[in-house]
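Please look through this model with me before you set anything up. My notes are below, as numbered points.

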Amino acid sequence: MKITEVESVYLRIPDLDAERCDGTQDTLMIRIHTDEGIFGYGEVDSVPLVAKACIDAPPSHSIATGLRSLLIGENPLEIDRLWDKMYRGTIYFGRGGPAMHAMSGIDMALWDIAGKKAGRPVSEMLGGTYRSKLKAYASSLMPDTIEEAVRLAGQFVEEGYKAMKFGWGPIGRDEKFDEQQVRAIRETVGADIDIMIDGGLVWDLKGALRMAEVYEKYGVFWLEEPLHPENLADYKELSRRTTLRVAGGEQESGVTAFRRLIEEGGHDIVQPDLGRCGGLTEGKRIAYMAHERHKLVVPHAFKTGILVAASTHFAASIPNGFMIEHTASTSPLARELVSEKITFKDGYVHVPDRPGLGITVDEAVVEKYRVN
Ligand SMILES: [Mg+2]
């Protein structure tokens, strides 16, 4: 089997608002073609056209090469070797950042091909399905008003969710308002629903400590990215002084960065984004590194159904996975790009058992939103 083309397609909604921290407004979809007629799909979470350049750029020299030229003619089933080839070929401009983001989407597409070729779901291909269903949490930007937060929380409960996360938006502007919001959400959903808060890098250590005390009172399940991702010393101090689980990692790529989060930052839960961290191949290395240190992994996924499917297979196939993220975004890319919906019932998703990622990309949606 041979790779005949590596296509990256920039999709974007017409009314994109770059002021919002909402990654579902555009995406870079990867489609790898093979000489056997099997296509593999993947997705990159980055600045789409920067990641696309990392794929399409012609070779400059042996360790400064666009990814496409490294892959044409290769056997797509040799995933570990191709991962290493891409990593070495991008040493000058990679090892993280957009080149690693681009590698992530390509790696995802290679696993999709491997699963389709073998007639097995990606979760099985990754080493085995630990669980056939996973708790899905509804993931939303924190609304600007308490009324809207209460309405959304009520809607998620009605839809069957047993867990929900609110993040960014107004969080961090006013501590009293932040407390009123989390109290109102807790009163709306009752005691048995997990609530998570994503601080969106907004506090310093003292602010995070004060808010951690507040969130402890309302039984918050985890506090995500309260501090700047590079402020590992303060993360460690925060972790030492709160009973809240501290989560983070969506900004990181590569197992070394995630090891630092746990060992130097004291993170309890790491959140690799499979469209950014190095793909399913590196994601698995991250998961086992975390497992060895008795830490949990919940993949970050705020994009289209391609990333949601990859994240579902991933979380099912690692010993320390238990939950996945469901964006509440109404963007047509998040809602319509993948035509098969993953079964969601009573707060849990059922891991697809179709070959590969188990998704069908709606070509009409691709044509409607493609920019290149
Ligand atoms: Mg986050």
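1. Which residues is Thr 65 in contact with, leaving aside its neighbours within four places in sequence? They are Pro 59, Ser 60, Leu 70, Gly 89, Thr 90 and Phe 93; contact means heavy atoms within 4.5 Å.

2. Some ground rules. This is a predicted model, in which local features need pLDDT of at least 70, side-chain atom pairs count only at pLDDT 80 or more, and totals for chains, interfaces and linings use all residues. Residues are numbered from 1 along each chain as its sequence is written, and side-chain values use heavy atoms, with hydrogens and water left out.

3. Back to Thr 65. This residue sits in the loop between α1 and α2 (67-71). Helices (H or I, at least four residues) and strands (E, at least two) are DSSP runs, numbered from the N terminus. Thr 65 has a relative accessible area of 5%, so Thr 65 is buried. Buried means under 20% relative accessible area, exposed over 50%, partly exposed in between (1.4 Å probe, protein chains only). A polar atom of the Thr 65 side chain lies 2.8 Å from the backbone oxygen of His 61. Such a polar contact is a pair of N or O atoms within 3.5 Å; within protein, one must be able to donate a hydrogen and the other to accept it, and residues adjacent in sequence count only if both atoms are side-chain atoms.

4. Asn 320 is another loop residue to check. Its loop runs between α12 (305-316) and β11 (323-327). Asn 320 is buried, at a relative accessible area of 3%. A polar atom of its side chain lies 3.0 Å from the backbone oxygen of Lys 295. Not counting residues up to four places away in sequence, Asn 320 touches Arg 131, Ala 287, Ala 290, His 291, Lys 295, Leu 296 and Val 297.

5. Helix α8 covers residues 205-217. It has 13 residues and reaches 19 Å from first C-alpha to last, close to the 18 Å expected. That expected span is 1.5 Å times one less than the number of residues. Its buried residues include Leu 205, Ala 208, Met 211 and Tyr 215. The buried residues of α8 pack against α7 (175-189), β6 (194-198), β7 (222-224) and α9 (232-241). Just after α8, Gly 219 takes a positive phi of about 65°.

6. Pro 226 lies in the loop between β7 and α9. Its relative accessibility is 0%, so Pro 226 counts as buried. Among the residues it touches are Gly 199, Trp 203, Ala 208 and Tyr 235.

7. Two backbone angles deserve a look. Most residues other than glycine have a negative phi. Arg 95 has a positive phi of about 65° although it is not a glycine; Arg 95 lies in the loop between α3 (79-89) and α4 (97-118). His 294 has a positive phi near 60°, in the loop between α11 (279-292) and β10 (296-297). His 294 is exposed, at 73% relative accessibility.

8. Last, the open space. The largest pocket has a volume of about 620 Å³. It is lined by 29 residues, of which Cys 21, Asp 22, Gly 23, Asp 45 and Arg 276 lie nearest its centre. The largest share of that lining, three residues, comes from β4. On a 1 Å grid over the protein atoms alone, a pocket is an open set of points with protein on both sides within 12 Å along at least five of seven lines; lining residues have an atom within 4 Å of a point. Grid points are joined across faces, edges and corners, and a volume is the space filled by probe spheres set on the points.

Notes:
On a 1 Å grid over the protein atoms alone, a cavity is a set of points where a 1.4 Å probe fits but cannot get out, and a pocket is an open set with protein on both sides within 12 Å along at least five of seven lines; lining residues have an atom within 4 Å of a point.
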